[in-house]
Each structure stands twice: as structure tokens, then as C-alpha cells.
Amino acid sequence: MLSPVILVPAVINGLMAGAVYALVALGLTLIYGVLHIINFAHGALLTAAMFAAFFAFTLLSIDPYLAAIVLTPLFFGVGYAMQRFIIGPAAHGEDRSFLLVTLGLAVVIENTLLYFFRADTRTINLPYAFDVIEIGPAFVAVPRVIAFAAVIAVAIGLWTFMRWTDTGKAIRAVAKEKLGAELCGINVAHISAVTFGVGTACVAIAACLLIPSYYVNPTAGEAFVLIAFTIVVLGGMGSIAGALLGGLCVGVVESVSSIFLGQSLGQIGIFIMFIAVLLARPGGLFGARL
């Protein structure tokens, strides 16, 4: 049996890593929950946000965590404009068209980044990047602790926004019944764009939390979004609580699996858990029973 000395640090580090996965998945599941589309441009937007955080540090000497204050509203605006002026008009309300448009945007964004920044891998060096904090028997990197705390704060803030604000109530109304919301006077096109903007803002925050300890290149976001798609289905399509819990579970499973299978094969455990959960609950952890 594994010693607690090995297992407990693996679980703690897994929770820290899973929190960032959850934040990427939160934006994805929010967009799906309201617009009922799978946003294939999510990974490309994450990559673009990571480049923005990278250059904010290298060119302007802005710490990535402080850069989030600027990049979050900036990417909200980007997401809003993409949905309101590109995705919505181009898709004409057809689900198949939504998928094709977001896939096309992903190709355009990734190739634009590749054209301007080449395929070079870039990293930043922060003075606290290799500092650690002792949590019980585990030593956890400071950037992971900051990321975990930030994700919990964002998740609470998002839940509060959705629960208690007029815009949040309008988003939930559109997610529940689009035609009924429109008949009640809600501007569905505006609310849809706001939702896409909030999902993209979550990606910007995730990028700022990732860049202190991760590299960036024109395809860096793809690995995270593959896991985020898994989390969205695992937690229940459209469930914010499911995305948060699913992300934490995925981080722990990946970390523990890495002990047995090695770092490069740790993600195998994620998909074994994914299959097992869907066999028991096809709708996901917080989805409706099928």
C-alpha cells in the first residue's frame, strides 16, 4: 500500500492543479449551459490569453496576477464581441453552424499566433516561482496555492453573480427557456454575448494563473481544453458545481495516477475515471439521470 507520506502530498498537489482545470471548464460549461453549443475556440482563446499575460510581464513588467485585473475585462470584451458580431450572425441559430464557426475561429486564432510568434516555446521567470509552502506533509509551489485560492474566489463570485444579480438571473432564464425569456423582455442576443464574454473572462484568469509555472506556445491551450471538455461532461453538461468538483477530482486522479504510471502517463487515470463515472451516471455527477 502507498504510504501516506507519498499519497497525501499527491492529493494536495492534485487539488491545486485541478483548480485551474476547473476554472477553464467553468467558462466552457457556462457557455454550453446557456448557448447549448460546444465552444471549440476555447483552447485558442486560452492560448491568446497566455500570450497576453506573457507579454504583459516581459514588455511591461506587470506581474501575471496583477495582469489579470486588466486582461479579465479585456477578454470579456473580446468574448462579447465574438459572440455578438461573429458567432451569432454567422451561425444563423443552427447548432451545426455554431460548431463550425467556433472551430473556424480556433483555426484562425491559432494560426495568427503561429504567424506572429512562431512555434517557439516561451516561459517567464518570477522570483517566487520556485518558492514552496508546507501544507501538512506536502510542499506545494506558491503559484499553485495562489491559483487554488483564486479559483475558489472566482467560483464563489460567479455563483453569487448568477444567483443574485439581475444579469445572472437573465442568464439562467435564457438557459432554461430562450423563447420564454425573450417574451418576458430579455434581450437574448445581449445575454448570450454576455455569457460568452464571462466564459472568455474565466479563460483569461486561468491564463494568468498558469503562466507563472507553465510554458506558452501557439498550441499550449489545447492540452488544457481537452481535459476541460472531459470535466464538463464528467460534472454534468452546464453545471457550474459539477465543473468545479469535476476539475478537483481530475487533478487528484491525475496526480495519484502519475505515482503508479509515471508523469507522462498520468492522464490515463483521468479517462478511466471518466468512463467509470459515465457508466454509473451517464448524465455526469450533477447532470440529470438518463
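User: What is the handedness of the crossing of α2 and α3?

Analyst: In this predicted model, α2 and α3 cross in a right-handed manner. Their axes lie 10 Å apart, and the two helices pack at an angle of about 140 degrees.

User: Which residues make the contact of α2 with α3?

Analyst: A helix contact is read by listing the residues that each partner contributes. From α2 come Leu45, Ala48, Ala49, Ala52, Ala53, Ala56 and Phe57, while α3 supplies Pro64, Ala67, Leu71, Phe75, Val78 and Met82. By class, these residues are 13 nonpolar, no polar and no charged.

User: Is alanine 48 buried or exposed?

Analyst: The cut-off for a buried residue is under 20% relative accessible area. Alanine 48 has a relative accessibility of 18%, and therefore counts as buried. Its place is in helix α2, which spans residues 42-60. Apart from neighbours within four places in sequence, alanine 48 is in contact with Phe75, Ile109 and Leu113.

User: How many residues apart in sequence are alanine 48 and leucine 71?

Analyst: They are 23 residues apart in sequence, and their C-alpha atoms are 11 Å apart in space.

User: Which residues does threonine 47 touch, not counting residues up to four places away in sequence?

Analyst: Threonine 47, which also belongs to helix α2, touches Leu113, Val216, Asn217, Pro218, Thr219, Ala220 and Gly221. Threonine 47 is buried because its relative accessible area is 0%.

User: At what angle do α2 and α8 pack?

Analyst: Helix α8 covers residues 188-210, and α2 packs against it at about 50 degrees, with the axes 8 Å apart. The two helices are therefore oblique to each other. The crossing of α2 past α8 is right-handed.

User: Which residues of α2 and α8 meet?

Analyst: On the α2 side they are His42, Leu45, Leu46, Ala49, Met50 and Ala53. On the α8 side they are Phe196, Gly199, Thr200, Val203, Ala204, Ala206, Ala207, Cys208 and Leu210. This contact has twelve nonpolar, three polar and no charged residues.

User: Where is glutamine 83 found, and with which residues is it in contact?

Analyst: Glutamine 83 sits in helix α3, residues 64-91. Leaving out neighbours within four places in sequence, glutamine 83 contacts Leu35, Gly88, Pro89, Ser192, Ala193 and Phe196. With 8% relative accessibility, glutamine 83 counts as buried.

User: At roughly how many degrees do the axes of helix α10 and helix α11 cross?

Analyst: The axes of α10 (residues 240-261) and α11 (residues 268-280) cross at roughly 125 degrees and come within 7 Å. That angle makes α10 oblique to α11. The crossing of α10 past α11 is right-handed. Here Cys249, Val250, Val253, Glu254, Ser257 and Leu261 of α10 meet Ile268, Gly269, Ile270 and Met273 of α11. The residues of this contact comprise seven nonpolar, two polar and one charged.

User: How many helices and strands does the protein have?

Analyst: The secondary structure comprises eleven helices and two strands. From the N terminus, the order of the elements is α-α-α-α-β-β-α-α-α-α-α-α-α. The radius of gyration is 19 Å, close to the 19 Å that the globule rule gives for 290 residues, so the protein is as compact as a globular protein of that length. Along the principal axes, the C-alpha atoms fill a box of roughly 60 × 50 × 35 Å.

User: What percentage of the residues is buried?

Analyst: Of the 290 residues, 50% are buried. As for contacts with a separation of 6 or more, 75% are between residues 24 or more positions apart.

How values were computed
Residues numbered from 1 in each chain as written. Predicted model: local features only at pLDDT ≥ 70, side-chain atom pairs only at ≥ 80, totals over all residues. Heavy atoms only, no water. Axes fitted to C-alpha atoms, helices over the stretch in contact; angles between N-to-C directions. Helix = DSSP H or I, 4+ residues; strand = E, 2+ residues; numbered from the N terminus. Parallel < 35°, antiparallel > 145°, perpendicular 65-115°, else oblique. Left-handed = near helix turned anticlockwise from the far one by under 90°. Contact = heavy atoms within 4.5 Å. Nonpolar A, V, L, I, M, F, W, Y, C, P; charged D, E, K, R; others polar. Buried < 20%, exposed > 50% of the residue type's maximum accessible area, 1.4 Å probe, protein only. Rg over C-alpha atoms; globule rule 2.2 N^0.38 Å.
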